[in-house]
Amino acid sequence: MTCADGRVIQVAFGDDAALAKAQCSSQGVPEQESSGNPGIIVPVVDDKDLPATYEETRDACANSATSSADPMCGVVDICPQDEALVQTYLVYRDTGRAVPIDSPRCAPRPQAANNQPFPGVSLEEFQKLPIAAAKLGMQPSPHTLKGAETNIYAESATQEIPATILGTALTVRAIPDTYTFDYGDGTIFGPTMFAGGFIPEVRWGEKTRTSHIYGQTGNFSVSVTTHYRGEYRIGNGPWMPIPGQAQVASPAQTIQVWRSQTKNYADNCIVNPRGEGCPQTR
């Protein structure tokens, strides 16, 4: 395989080809695929955006941190019952991007404290963990105007939670996946992958992916529910998926929707300080 900078890396098939591609992109240089090479295509990362990297073994194809599906996804899990289909990824620390650097393979399933195959973490157990709720933001707040765009957004992060389940010490990772916004006036938006975000005051009133226009004045209770997907691992073993999603509601906040009025006055406040609309008459 030939990298964009002219380096030539000799590869054959499978794991070697994937590793060579990772070596090309780890230098921040787009790689060029040799004809007939069946290796895995690794996404290109520019030099200026290249973060520190590390390798991590995860459940094969469970790589939602990337912008597109892994090239190896769709592989049928043909592992024995006591083994799981796993894959090694090159993870970019700053962005969370993870790309496969080898082919899916069978590996022993995580072992419980009694040295028996661990049955996994159920959705019910996942939902019981102390997963922090997203922080709800509103701009402007606590007042907004009828008919104007109000920016409403959620701030959340991936969390790693130590836990003991079925007598086995492990780590659970809760990853924000989608959001459901309740604007309080009967309008529900979501589930959506967009969390929205803070915007500077000079941009208040602009439409955003998660903004809302209130058609009536009054007080409205706004809330957001974050849907977390989960993974767990025992010790330094591979991350294994947890079925389903945990739903964590953030505390509701009240927003007051006002209306604006514009009036024209004929009085000159310099000539007649007590004229209609002048400061001394307010």
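# Close-ups of a predicted model

View 1. In β9, Gln 139 finds its bridge partner in Asn 151. Gln 139 is also joined to Pro 140 by a cis peptide bond, with omega at about -10°. Keep in mind while looking at these views that the model is predicted. Pro 140 sits in the loop between β7 and β8 (143-145).

**View 2. The open sheet β7-β9-β13.** Here three strands make an open sheet in the order β7-β9-β13, and the pairing is antiparallel. The edges belong to β7 (135-139) and β13 (212-213); each has a single partner strand, so one side of each has no neighbour in the sheet. Between β7 and β9 there are five bridges, in the antiparallel sense. As for cover, four of the five residues of β7 are buried, and in β9 six of seven are.

**View 3. Where β9 meets β13.** Strand β9 (residues 149-155) pairs with β13 over two bridges, again in the antiparallel sense. Which residue of β13 is the bridge partner of Thr 150? Look for His 212. Glu 149, in turn, has Ile 213 of β13 as its bridge partner.

**View 4. Thr 192 in strand β12.** Thr 192 belongs to strand β12 (residues 188-192). Is Thr 192 buried or exposed? Its relative accessibility is 9%, so Thr 192 counts as buried, the cut-off being under 20%. The side chain of Thr 192 reaches the backbone nitrogen of Phe 194 at 3.1 Å. Setting aside residues up to four places away in sequence, Thr 192 touches Thr 178, Tyr 179 and Phe 181.

**View 5. The largest nonpolar core, and a second one.** The largest nonpolar core holds 22 residues, and those with the most contacts inside it are Phe 118, Val 121, Phe 126, Ile 131, Leu 170 and Tyr 232. Five strands, β4 (83-92), β10 (159-165), β11 (168-182), β14 (218-233) and β15 (240-249), each supply at least two residues of this core. Which strand gives the most to this core? That would be β15, with four residues. A second, separate core has 15 residues, among them Ala 134, Phe 181, Tyr 183 and Ala 195.

**View 6. Tyr 232 and its surroundings.** Tyr 232 is among the residues with the most contacts inside the largest core. Leaving out neighbours within four places in sequence, the contacts of Tyr 232 include Phe 118, Val 121 and Leu 170. Also on the contact list of Tyr 232 is a run made up of Pro 238, Trp 239, Met 240, Pro 241 and Ile 242. Others to pick out around Tyr 232 include Pro 110, Gly 120, Thr 171 and Val 172.

**View 7. The β14-β15 hairpin.** β14 and β15 pair in the antiparallel sense over eight bridges. Within this pairing, Arg 229 stands opposite Gln 245 in β15. The hairpin has six residues between its strands, and Gly 235 takes a positive phi near 65° there.

**View 8. Leu 166 in the loop between β10 and β11.** Leu 166 is found in the loop between β10 and β11. Its phi is near 55°, a positive value in a residue other than glycine. With a relative accessible area of 56%, Leu 166 is exposed.

**View 9. The whole chain, and where to be careful.** Zooming out, the protein has two helices and 16 strands. Of its 282 residues, 39% count as buried. The exposed surface comes to about 15600 Å², with carbon and sulfur atoms supplying 50% of it. The average pLDDT is 77, and 73% of the residues score at least 70. Residues 4-50 have a pLDDT below 50, although the stretch has 90 contacts in the model beyond near neighbours in sequence. Residues 63-70 also have a pLDDT below 50, with 16 such contacts. Where pLDDT is low, the predicted coordinates should not be read in detail.

Key: Residues numbered from 1 in each chain as written. Predicted model: local features only at pLDDT ≥ 70, side-chain atom pairs only at ≥ 80, totals over all residues. Heavy atoms only, no water. Buried < 20%, exposed > 50% of the residue type's maximum accessible area, 1.4 Å probe, protein only. Polar contact = N/O pair within 3.5 Å; in protein donor to acceptor, adjacent residues only side chain to side chain. Contact = heavy atoms within 4.5 Å. Pairing = 2+ DSSP bridges. Core = buried A, V, L, I, M, F, W, Y, C linked by side-chain atoms within 4.5 Å. pLDDT = per-residue confidence, 0-100. Areas by Shrake-Rupley, 256 points an atom, 1.4 Å probe, with all protein chains shown as cover.
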